[in-house]
Amino acid sequence: MPKAPHVVTGNSNSPAPRIHVLEVLGNAIVGGMENYVKNLIAHLPVDDFKVTVLCPFESALTSQIRAQGHQVFIAPLRDDPPWRTIEMICTLIRENDIDLLHAHLMNAHTVAAIAGKLTDTPTVATLHGMSLHPQEISVIRTTGSHTIVVCREAWSQAMAVGLASDSVSLVPNGIDLAVYNPAAADRSILRNAIGIAPDDVLIGFVGRLAWEKGPDKFVKAAEQILQHRPEVHFALVGTGLMEKELAAAIERAGIEGNVHLAGMWQDPSKVYPSLDLMLHTSRADAMPLAILEAMASGVPVVAIGVGGVPELIEAGETGILIGTNEWPGIVSEYPGDWDGVAKAALALIEHPERLQRMSAASVRRAAALYDIRQSAAATAQIFRQLMRVRRESTRLHSVS
């Protein structure tokens, strides 16, 4: 039976030399992984770490990272990496004195682990999903890269497939509590943008409009809620490939007066204070930042209990979890999927005092468990430990 997960807390007081980290990103869109990286590099101690970034293409993200003062390189990244990208990373390691590689997504993990093995450079991969792909498992075993997972479901799988417990760390995601809090924005900002009154009940979805995020389930839940509470409003915040499909579904249902496609917001912290409730309807997720951001902003969440979501929401206290085939009977009085989401949301908006209690409890839970400073400190501790191991190995080889 596997041991309990090695949860890194970041409570190390030992001094460490300045470490140059190359962050290798497998994508460069506006998404959860990319926001994780921006948050992390903004909170690594500048006296201890220097950060350079490699992305697969130029985007708004690369501009934002450069604006933070970090150098960004561009190279193609595929699950079967081209040699020129491996060569480029090896050259960056040699010419820029890179000490450690930190990869995100399978394509980045694969190329970074190969380059790290070729140059004897420690490699860390943060796996942002709720499960490990066979290629990721193979890369870890073949190259010896260290693995960070963000939820216990992924950690359990890592142990089940036989990865060494000392090579896998559980570091929960974190968010910047100075940015995400109930006072982050005026309650009227999003409401004014979509044209609804200050006292209207507003239920939100925040995320990419992509199949895995389940925005279509949100629309179905909204349609069902409106059959009982026709005055409620809904906002989908985000963009993605499903936007036109969702707009058509909203029009077919005749609910376009209540369901608003609010588009992409560069600063989501301005969105949450306008919401009375958030529905998280993902088909697959590990530790979604949208739930953490909502909690820190004082917005209760009704969520389908996929992946690491049940680790985030304290059922009945900060929100409601809806059962799935993977998590049967999480909340027995509600059926699974979007139908249960709709029924739970109706139950909550019928009791505003309960929503208020959940709001306060959400803020407390986010502050206690999901501060980005804790996550960044834990990740920094892993980096330092790997560098200590490398220095000791180099010393022993030089002595022998």
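1. Buried means under 20% relative accessible area, exposed over 50%, and partly exposed in between, with a 1.4 Å probe and protein chains only. By that cut-off strand 13 (residues 319-322) is covered on both faces: Gly319 and Leu321 are buried on one side, Ile320 and Ile322 on the other. Strands here are DSSP runs of E of at least two residues, helices are runs of H or I of at least four, and both are numbered from the N terminus.

2. The model is predicted: local features need pLDDT of at least 70, side-chain atom pairs count only at pLDDT 80 or more, and totals for chains, interfaces and linings use all residues. Residues are numbered from 1 along each chain as its sequence is written, and side-chain values use heavy atoms, with hydrogens and water left out.

3. Strand 13 has a parallel partner. Four bridges join strand 12 (residues 301-304) to strand 13. Two strands pair if DSSP finds at least two bridges between them. Val301 has Gly319 as its bridge partner in strand 13.

4. How many residues of strand 1 (residues 19-25) are buried? Seven of the seven are, so strand 1 is largely enclosed by the rest of the structure. Ile19, Val21, Glu23 and Leu25 form one buried side. His20, Leu22 and Val24 form the other.

5. Strand 1 pairs with strand 2 (residues 49-55) in the parallel sense, over six bridges. Val21 stands opposite Val51 of strand 2. Between these strands the chain passes through helix 1, and this β-α-β crossover is right-handed: with the strands pointing away from the viewer, the path from the first strand over the helix to the second runs clockwise.

6. Strand 4 (residues 100-104) also pairs with strand 1 in the parallel sense, over five bridges. Ala103 is the bridge partner of Val24. His102 is the bridge partner of Glu23.

7. Helix 1 (residues 32-43) packs with helix 2 (residues 60-67) at about 5°, with the axes 11 Å apart. Axes are lines fitted to C-alpha atoms, for helices over the stretch in contact, and angles run from 0 to 180 degrees between N-to-C directions. The two helices are therefore roughly parallel (under 35 degrees; over 145 is roughly antiparallel, 65 to 115 roughly perpendicular, the rest oblique). Contact means heavy atoms within 4.5 Å. Glu34, Lys38 and Ile41 of helix 1 meet Leu61, Gln64 and Ile65 of helix 2.

8. Two helices lie across strands of the sheet.

9. Two backbone angles deserve a look. Most residues other than glycine have a negative phi. Asp97, in the loop between helix 3 and strand 4, has a positive phi of about 55°. Asp97 is exposed, with a relative accessible area of 56%. Asp120 lies in the loop between helix 4 (106-119) and strand 5 (123-127). Phi of Asp120 is positive too, near 60°. Asp120 is exposed, with a relative accessible area of 54%.
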